[in-house]
Amino acid sequence: LIAASFSSIIPGLGRVYSGRIGDGILGFFSFYMIGGSAILAIENKQPLAGPILGILGVYIYIGEIYGAWRTAKYYPK
């Protein structure tokens, strides 16, 4: 539960907390790239790319929280 809480604050931090540093860094940068692209697409008024990237960003965010929980459960320190 702690790892999932950490990942809800900063995506990837829960996996780093669980000892999977590479997975955490990859998760953070995946969310950062998709989220940043979504923000830029919305600011540039791209009606198709903005919502699609935004939905994908939410999916990655939720996946990071779930992945942190699973990592803490199946790969204990």
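This is a short chat about a predicted model of one protein chain.

Q: What secondary structure does the chain have?
A: The chain has 4 helices and 0 strands. Helices (H or I, at least four residues) and strands (E, at least two) are DSSP runs, numbered from the N terminus. Residues are numbered from 1 along each chain as its sequence is written. As the model is predicted, local features need pLDDT of at least 70, side-chain atom pairs count only at pLDDT 80 or more, and totals for chains, interfaces and linings use all residues, while side-chain values use heavy atoms, with hydrogens and water left out.

Q: How do helix 1 and helix 4 cross?
A: The axes of helix 1 (residues 2-9) and helix 4 (residues 49-74) come within 7 Å and cross at roughly 155 degrees. Axes are lines fitted to C-alpha atoms, for helices over the stretch in contact, and angles run from 0 to 180 degrees between N-to-C directions.

Q: Roughly parallel or antiparallel, then?
A: Helix 1 is roughly antiparallel to helix 4. Angles under 35 degrees count as roughly parallel, over 145 as roughly antiparallel, 65 to 115 as roughly perpendicular and the rest as oblique.

Q: New topic. How much of the chain is buried?
A: Buried residues make up 26% of the 77 residues. Buried means under 20% relative accessible area, exposed over 50%, partly exposed in between (1.4 Å probe, protein chains only).

Q: And L13, where is that?
A: L13 sits in helix 2. L13 is partly exposed, with a relative accessible area of 34%.

Q: What does the C-alpha trace span?
A: Along its principal axes, about 45 × 15 × 15 Å.
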